[in-house]
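Okay, thanks for coming, everyone. Let me put the structure up, and then we'll talk about its aromatic rings.

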Amino acid sequence: MSVIETGVTRLLGCDLPIVQAGMSWASSDSRLPLAVSNAGGLGVVAAGPMRLPDLDRTIGEVAAGTGRPYAVNLPLYRTAADEVIELLAARRIPVLIASQGGPRRYLRRFKDVGTICLHVVASEEHAAKAVDAGVDGLVVVGAEAGGHPPAGLVSTLVTVRAVTRRFPGVPVIASGGFADGAGLAAALALGCGAAQFGTRFLASDEANVHPSYKEAVLASGIGDTRTVGRGLGLIRVRANDFAERMLELESGGADLERRRAEFTAASLRTAAVDGDVAGGKVEMGQSAGLIDAVLPAARIVERLVEEYAAAIGRLPEVRSAAAPTPSR
């Protein structure tokens, strides 16, 4: 197995600086996280949509299926988040990736059981608060990301670099816009220790989403996503009937409650589980336009490493310029 050692891989104990995003339904069973962790990356279970017994069973399956590190992503706004925190702490999960809330809510509980705590942020300001609270590392999300990009839509390139410059000793995982090994090389060049891949792993055999959702990823170009839900929780989704209705309401100045009704009438579950890619929330990043095939997750990890090696091999070396010839 290949190894690319960075500060993040040393922190997490994995071989490769490749993190599979915790993507709601897509990684709400054990198949995808297990495949990624066993391939040398960090597989992530998505706790967001799962009932407690299902989550407990899934963590048990992952723990039994790999001797390698894995993580659980917990959106802190979810129903019964405190009960989930207690479950995860009792399970002594290796890594927690928390999002959509403040880290002080959970840090002490997980520090007591030795869990590594990563916190998802989408701005330099939020990064500073998380670092001050004492997290072990950051997942920094830029505008290209699917799901929940930063409200200000500042690019990953700029957001990540601002954070790595301000906190040079903090382990950082870059997220948003990464689909291949060249992106991984770019993330490491920005000062990160890993890149997180979401949409790339949506198009995997093990992703727990409807085949129509995976087909929508493959059919997308880099300009085929939209950001909707301003004032309600911005999301990046595939352009479809739902997205166009939301954009019409937003551009037409519809009041918040009218927009909220349209926003909540559609769901991610409708798209991911039922396959309604016209009327549901088909969350994906701009990197969908860089993805050309549905592959086994282990092969995706392998390809990322191959592409990374090729990318750094193409970089020109710094050479000393030849001294100018003296004029006569």
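Predicted model: local features only at pLDDT ≥ 70, side-chain atom pairs only at ≥ 80, totals over all residues.

Residues are numbered from 1 along each chain as its sequence is written, and side-chain values use heavy atoms, with hydrogens and water left out.

So, how many aromatic pairs turn up in the whole structure? The search finds 3. Rings of Phe, Tyr and Trp (its six-membered ring) pair if their centres lie within 6.5 Å; planes under 30 degrees apart are stacked, over 60 edge-to-face, and the rest tilted.

One of them is Phe178 with Phe197, edge-to-face, at 6.4 Å between centres and 65 degrees between planes. Phe178 sits in the loop between strand S7 and helix H8, and Phe197 in strand S8, 19 residues apart. Helices (H or I, at least four residues) and strands (E, at least two) are DSSP runs, numbered from the N terminus.

Are those two buried or exposed? Phe178 is buried at 8% relative accessible area, and Phe197 is buried at 0%. Buried is under 20%, exposed over 50%, partly exposed in between (1.4 Å probe, protein chains only).

Another pair is Phe242 and Phe263, tilted, 6.3 Å centre to centre with 45 degrees between planes. Phe242 is in helix H11 and Phe263 in helix H12, so the pair ties together parts 21 residues apart in sequence.

Now the charges: Lys281 lies over the face of Phe263, 3.8 Å from the ring centre. The rule is NZ of Lys or CZ of Arg within 6 Å of the ring centre and within 35 degrees of the ring normal. Arg269 lies over Trp25's face, at 5.3 Å.
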